Amino acid sequence: MSDSGQSPGQGSRMLNVPSQSFPAPSSQQRVASGGRSKVPLKQGRSLMDWIRLSKSGKDLTGLKGRLIDVTEEELKKHNKKEDCWICIRGFVYNVSSYMEFHPGGEDELMRAAGSDGTDLFDQVHRWVNYESMLKECLVGRMAVKPAIPKGLLPKSQMISTKEGPSSPSYDWFQTDSVVTIVIYTKQKDIHLDSIIIDHQNDSFRAETIIKDYSYLIHIGLNHEVQEDFSVRVVENVGKIEIVLKKTENISWKCLGHPLEKHNSLIPKKDTGLYYRKCQLISKEDVTHDTKLFCLMLPPSTHLQVPIGQHVYLKLTITGTEIVKPYTPVFDSLLSEFKEPVLPNNKYIYFLIKIYPAGLFTPELDHLQIGDFVPVSNPEGNFKISKLQEVEDLFLLAAGTGFTPMVKILKYALINVPSLRKVKLMFFNKTEDDIIWRSQLEKLAFEDERFDVEYVLSAPTSEWKGKQGHISPALLSEFLNRSSEKSKVLLCICGPTPFTEQGIKLLHDLNFSKDEIHSFTA
């Protein structure tokens with residue numbers, strides 16, 4: 001999504017923020033400006049060389065990945081070739097490293113050193129996607145005095161602590177047909193699954209997860225908007241853009257009025273669970289007692305459950321609300337693991353074992369196609385960064401404790417270049433209890449890095465594989481590293497006694513706390 005290259009004069013309110021594509025292709029600003037001359041660049045200072053440098057991991061800002069608010073006084077201090085900061089559209093970049101790579105030469109960049117170079121930039125090369133070009137040079141955003149956006153009531157008090165992230169902020173702008181809400185998280189590690197959006201009637205709710213904190217935008221919109229919207233995240237800048245389509249092409253004088261906890265930043269652990277009603281689309285048998293449920297999110301919801309996290313399903317049973325945690329899976333282990341084409345991935349899949357004598361799962365199983373189930377925001381403390389540079393990934397699962405392993409397994413095989421092997425030890429009572437057995441075996445056949453072993457506690461006499469319960473003997477044979485000092489991650493999930501016993505045995509085998517992650521079944 002972009003703002004379609006609208007010039008600042010269009011729409012009644014525009015926010016001066018970086019855009020992916022500007023100006024419009026037909027704009028005169030796409031024509032090379034007179035007076036600009038290129039200078040010969042030194043050997044090894046081409047655009048490709050700059051791209052290589054910017055992707056090398058070198059700290060080009062001098063801030064070790066932190067984003068800061070920059071005052072005018074601070075900006076003015078950085079006005080030398082070896083220490084040069086420039087502001088473009090409210091964002092401050094340390095361009096010291098870029099000096100020798102700039103086609104217009106160092107002198108042209110120095111004209112904006114320690115100051116706001118937006119006008120100069122627009123005169124020379126407004127069409128350049130500096131947001132991408134200089135993303136590793138981003139120092140932060142210009143500090144501005146708090147101002148109440150026109151037509152919006154005063155923002156509620158920010159709740160923050162010294163230990164928390166820098167206070168995020170938001171703003172909005174509009175064209176004739178759309179309203180764009182922009183959230184500045186001031187963090188680089190922001191993805192599409194960091195933002196959860198629910199729009200019902202005139203209530204607009206956007207919760208952004210920033211580390212262990214929740215930043216909430218909660219507004220009663222001033223006018224009606226259409227059901228569908230788009231979300232775009234500029235990850236390295238930490239900016240989120242939400243584009244709402246107006247029902248009527250009229251100018252909004254204000255965005256709306258604040259609702260409960262609007263513009264608050266509070267620890268995630270202190271936020272309540274928020275639910276939206278999802279529609280049951282299908283359910284199919286996977287084993288004799290386990291089914292694959294498919295739920296569809298409401299049209300005006302954006303929710304992607306991060307890998308290794310769970311949600312709560314809520315049912316009202318005999319007048320009492322009952323909630324149970326479930327970890328979403330893919331619809332198949334063998335389907336291609338791709339980012340959804342559309343920003344809003346509308347379906348959530350669950351593998352759920354039905355307990356005939358239970359309270360919750362029989363009620364869930366009795367739901368008819370088309371019925372609704374409230375689904376909460378994601379919860380969980382697994383961080384995808386745990387998989388970075390892992391060479392050996394060991395998964396220990398009992399029964400439906402397999403569900404957290406599904407996405408971890410697929411993600412690791414496709415997205416972790418350092419990975420040498422993934423081994424799953426899958427504990428069940430009988431062969432009939434093994435979830436997705438044929439898919440697991442096909443995956444092991446297709447990818448030589450993956451191997452699966454089954455352990456049955458109540459096998460038939462025909463069973464030739466391993467049997468029993470989790471034990472030192474089983475684990476010591478299973479947990480063989482690809483090399484003596486390989487980086488290892490062990491994930492374990494199952495009934496509480498299984499998980500507790502497993503963690504104890506892993507510690508006994510000298511695996512450290514940092515190498516083990518347990519999930520609650």
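**Entry 1: Phe402.** Phe402 counts as buried because its relative accessibility is 0% (buried means under 20% relative accessible area, exposed over 50%, partly exposed in between, with a 1.4 Å probe and protein chains only). I then listed its contacts (heavy atoms within 4.5 Å), setting aside neighbours within four places in sequence: Leu333, Leu351, Ala397, Leu424, Phe426, Ile435, Trp436 and Leu440.

**Conventions.** I note that residues are numbered from 1 along each chain as its sequence is written, and that side-chain values use heavy atoms, with hydrogens and water left out. In this predicted model local features need pLDDT of at least 70 and side-chain atom pairs count only at pLDDT 80 or more, whereas totals for chains, interfaces and linings use all residues.

**Entry 2: aromatic pairs.** I found 7 aromatic pairs in the structure (ring centres of Phe, Tyr and Trp, the last by its six-membered ring, within 6.5 Å; planes under 30 degrees apart are stacked, over 60 edge-to-face, the rest tilted). One of them joins Phe402 and Phe426, stacked at 4.9 Å centre to centre with 25° between the planes. This pair links distant parts of the chain, 24 residues apart: Phe402 is in the loop between strand E23 (392–398) and helix H7 (403–415), and Phe426 is in strand E24 (residues 421–428). Helices (H or I, at least four residues) and strands (E, at least two) are DSSP runs numbered from the N terminus. Phe426 is also at 0% relative accessibility and therefore counts as buried. Ring pairs join Phe402, Phe426 and Trp436 in a cluster.

**Entry 3: nonpolar cores.** I took a core as buried Ala, Val, Leu, Ile, Met, Phe, Trp, Tyr and Cys residues joined through side-chain atoms within 4.5 Å. The largest has 38 residues, among which Leu393, Phe402 and Leu440 touch the most other members. At least two residues each come from E23, H7, E24, helix H8 (437–446), strand E25 (450–456) and strand E27 (488–494); H7 gives the most, 6 residues. A second, separate core of 26 residues includes Ile190, Phe204, Ile210 and Phe229.

**Entry 4: charges over rings.** I checked for NZ of Lys or CZ of Arg within 6 Å of a ring centre and within 35 degrees of the ring normal. Lys314 lies over the face of Tyr275 at 4.0 Å from the ring centre, and Arg141 over that of Phe91 at 5.4 Å.

**Entry 5: confidence.** I recorded a mean pLDDT (the predictor's confidence in each residue, from 0 to 100) of 84, with 83% of residues at 70 or more. Residues 146–162 are below 50, with 36 contacts beyond near neighbours in sequence. Where pLDDT is low, the predicted coordinates should not be read in detail.
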